[in-house]
Amino acid sequence: MAKFRIKRFNPEKQADPYYEEFDFEIPEGATLLDCLNHIKWNMDGALTYRMSCRSAICGSCAVKGNGHALLACQKQAAHLLKDGSDTITIEPLGNMPVIKDLVTDFKQFWEKIDQVKPYLQNNEKPPAQEREQSPQQFKKIDDATTCIMCGACYSDCQVLAVDNKFLGPAALAKAQRFVGDSRDQATRERVKELSKPGGMWDCTHCAECVERCPKPAEPFYRIKGLMESALKEGVTNNVGARHALSFVNSVKHSGRLNENKIPIESMGYFNIKGLLDLLPVGLRMLLKMKIPPIIHKPIDDVKDVQRIFEEFGE
Amino acid sequence: MIKHDVLIVGAGLAGMRAALEVCKELDVGLLTKVYPSRSHSGAAQGGIAAALGNSEDDSWEEHMFDTVKGGDYLNDQDAVEEYVKAAPEVIYELEHMGCAFSRTEDGKIAQRSFGGHSKPRACFSADRTGHAILHALHEQVLKHAKSIKVYSEWYMHQLVVEEGRCCGVVVSNIRTGEVEVIHAKAVIFATGGYGRVFQITTNAFAGTADGAIAAFRAGVPLEDCEFVQFHPSGLYRQGILFSEAARGEGGYLLNGKGERFMEQYAPSRMELAPRDIVARAEQSEIDAGRGVNGEDYIHLDLRHLGEARIMERLPQIRQLGIDFIGVDCVKDPLPIQPSAHYSMGGIPTDMFGQVIIDADKTPLKGFFAAGECACVSVHGANRLGTNSLLDATVFGGRAGRTALEYAKKVEFGKINGSHEKARVLDQIEEIFQRDGTESYNQIRNEMKEVMMDKCGVFRDEENLKSCISTIQGLKERYKKGKVTDKGQLFNSELYEIVELGNMLEMAEIISTAALARQESRGGHHRTDFPKRDDENFLKHSLVYPKDGQLELKYKPVVVTRYQPKERTY
């Protein structure tokens, strides 16, 4: 017997959410969506969630299972019963307001997709036939185009949890789909726009979105692609890009991070306001005796590190 | 009351393509019960047909002939000709919009083989072509957000027809439960199919005949509904689609003895015969006890293709197998069975998307349809794979253009908004008031089972009669259910009940049309009439509503270039 512990919320009836348990034997091969349907059709018709294709392509049925976002239709329910536990906890996606039970409001999610101008920009008159694109060029956008807009990455994004101005993994992956497209002509404007606060450089590289993505879209890798494109385009006049470059520079020269220099280089030597903003942090570190050594020494085998850089042509 | 020059119901390929046409000149509302990107067009995998000739010489004539032969000569050939001629331009247009296509080494759109097509003409994006096109169109809709107002998660209840002209629809906002009338000069239905009336189906839960039945209840007949396509490769018991591309890339079908049984049924095309023939072959093997382990499935074997090829061309299929049954097709064959997939029939239209209600092509003014919900008819008795994405795109655009031209010429029709709204409110209230003991789930399951068993791949008179009487019984029991959730807020239970009502109606229409067609043609196979009968049945069926009953009429098939011949592969 498995327990499905479901977070219920219906503001028409009760202001606060609560958990309700449904017990039954998981039928062999049943997906989590099959189990939700079993509950809705046999136990409680009021249980509310979205679903449509039940084959992991429409992106409707993303919910949280045991604390992590997933597509209900794609997940074998039995696989959520790990380590002898008999309970599966199901909750609505995170980082979005809840409308009812497992149904969340995607308004902000879609607004952020809109913000990245999610369509091909090319002002040339198209040829009579197809524009040419090599298989290698297609491959650069192939993964990003598999995104089904299910919101699983958005739900579990650690940055969005503290800063809802962040565009989020899905919108950035969508942006990479055009930045990487050999047919798109707006690469520079796009990466400039995406280098602003809330854009690609606000990603903290935790890669949670890669873990949660039910498709090969894996947003963090697409975000990395964006960062590479931005540096290649020379769009470096921003904290994020400067931070990345300073980071690389430091490792290249000394084999490790120069923690005194990186914050300053990231802010920019002439960014007075930004530098002043750093002061309180610096002072607090000083008071707690967490200041890194003033004299930055390279590691012993720094030559080996530099060889790696040479090998990869930077 | 909400007002739009043109209102489109359904935001899959056909609906969005139509919206992009209308928005060039007029104001358009695009309504969907899901989100545009969640439409079932996105589940199409294998490809979209066009005689581009990128890998072998090809021509529209060959595409046309293959389509007509595949459709067992029930296609209207004037429409097919327009359709296949339009194909290359439609593909280039999608490509120019930004749709991602797999490519040949020289940078052209790659094309592969597909069932019933004599040339490799399926343009594709790995094995997620519908998804790629759906999102490309959605991107354009987002780009034109100023002139296309999207209503996501709104449900269409009823078509408003006044004095022989369609003037709008009655809808409700799923999130708030509010019922609204949308007043429009023209309405386009692009509401998809109805595979959900069958137990084993590739279709999304959303495929519940809403559009077809709303049209039917407004007096529009439904054409050729007996022709339902069963896809040869739905996952055993679940119906989840494994693209025909798996066979297009060289996959084998094996029976329980490990034999490539298609040799017995279509020696020249083998696994790439049209779907009706392959599905019947599979069912025959299963019925003869030659399923795998004597069970009701056969094997789709891709192992000889190798991992590299599978990962390049069929990555999604591999993942589906792993996720849904724990079978990796690189190492093991996939268990499959015929699964209800596509409705060749639907709302009758001419080749410009105008809905026509009889053999004289009388239009229902202001009402247009495109995509799976419509019947042009370009697919005849059996659709070829990759022809549906093309249908939705070509006729979506055309219906959009026709509706646009119509709406430019006319004023808004008269509409009694409060009366129309009250009708829908009453229907909803009636469902809330029901206090019976019948289980809607039970009714739905019984409907799906009886349609699969008695109105499925093989049919006969006795079974069809029994099927119709079962469905009629279910329709009575349907009135005696009980709803748990009586709230306004996102009441998905209510919509499921409304959808079930539509499906029961549709099931009766399908089985009634199937009983009347005493021949076997394309996707409709009668074991008691196993031959095609051109003398008596080279005609389209039309089912009309009449005093609460169904009335059957027929209209002729348009034959231009290709006279009906015996169909062998």
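Me: How many residues of chain B are in contact with chain A?
Reply: There are 61 residues of chain B in contact with 65 residues of chain A, where contact means heavy atoms within 4.5 Å. This is a predicted model, in which local features need pLDDT of at least 70 and side-chain atom pairs count only at pLDDT 80 or more, while totals for chains, interfaces and linings use all residues. Residues are numbered from 1 along each chain as its sequence is written, chains are lettered from A and ligands numbered from 1 in the order in which they are written, and side-chain values use heavy atoms, with hydrogens and water left out.

Me: And what area is buried between chain B and chain A?
Reply: About 5200 Å² is buried there, and carbon and sulfur atoms give 50% of that; buried area is the accessible area (1.4 Å probe) that two parts lose on being put together, summed over both.

Me: How many salt bridges does the rule find across that interface?
Reply: The rule finds seven salt bridges between chain B and chain A, a salt bridge being a side-chain nitrogen of Lys or Arg within 4 Å of a carboxyl oxygen of Asp or Glu. Arg175(B) forms a salt bridge with Asp105(A), and their closest N and O atoms are 3.2 Å apart.

Me: Which elements give two or more residues to the side of chain B that touches chain A?
Reply: They are helices H3 (77-97), H4 (129-143), H10 (315-325), H13 (440-454) and H15 (492-516) of chain B, where helices (H or I, at least four residues) and strands (E, at least two) are DSSP runs numbered from the N terminus. H4(B) gives the largest share, seven residues. By class, this side of chain B has 18 nonpolar, 26 polar and 17 charged residues.

Me: Changing topic: where does Thr129(B) lie, and what does it touch?
Reply: Thr129(B) lies in helix H4 of chain B. Leaving out residues up to four places away in sequence, the residues that Thr129(B) touches include Ala44(B), Gln45(B), Gly46(B) and Leu389(B). The side chain of Thr129(B) reaches the backbone nitrogen of Gly47(B) at 3.5 Å and the backbone nitrogen of Ser125(B) at 3.2 Å.

Me: Is Thr129(B) buried or exposed?
Reply: Thr129(B) counts as buried because its relative accessibility is 0%; buried means under 20% relative accessible area, exposed over 50%, and partly exposed in between (1.4 Å probe, protein chains only).

Me: OK, now Arg131(A): which side chain of opposite charge is nearest?
Reply: The nearest one is Glu95(B), 4.2 Å away, and Arg131(A) is buried yet has no salt bridge; for charge, Lys and Arg count as positive and Asp and Glu as negative, while His and the chain ends are not counted. Arg131(A) sits in the loop between helix H2 (107-115) and helix H3 (135-142) of chain A, and its side chain reaches the backbone oxygen of His96(B) at 3.2 Å.

Me: Which residues of helix H1 of chain A are buried?
Reply: In H1 (residues 32-42), the buried residues are Leu32(A), Leu33(A), Cys35(A), Leu36(A), Asn37(A), Ile39(A) and Lys40(A). What covers the buried residues of H1(A) includes strands S1 (2-8) and S2 (18-24) of chain A, and also H15 of chain B.

Me: What about chain A overall, how many helices and strands?
Reply: Chain A has 13 helices and seven strands, and of its 314 residues 52% count as buried.

Me: Back to salt bridges: how many does the structure hold over all chains?
Reply: Over all chains the structure holds 75. In one of them the side chains of Lys3(A) and Asp23(A) meet, at 3.6 Å from N to O; the pair links distant parts of the chain, with Lys3(A) in strand S1 and Asp23(A) in strand S2 of chain A, 20 residues apart. Lys3(A) is partly exposed, with a relative accessible area of 25%, and Asp23(A) is partly exposed as well, at 34%.

Me: And Arg318(B), what does it form a salt bridge with?
Reply: Arg318(B) forms a salt bridge with Glu307(B), with 3.3 Å between the closest N and O atoms. Arg318(B) counts as buried because its relative accessibility is 13%, whereas Glu307(B), at 43%, counts as partly exposed.

Technical notes:
Nonpolar A, V, L, I, M, F, W, Y, C, P; charged D, E, K, R; others polar. Polar contact = N/O pair within 3.5 Å; in protein donor to acceptor, adjacent residues only side chain to side chain.
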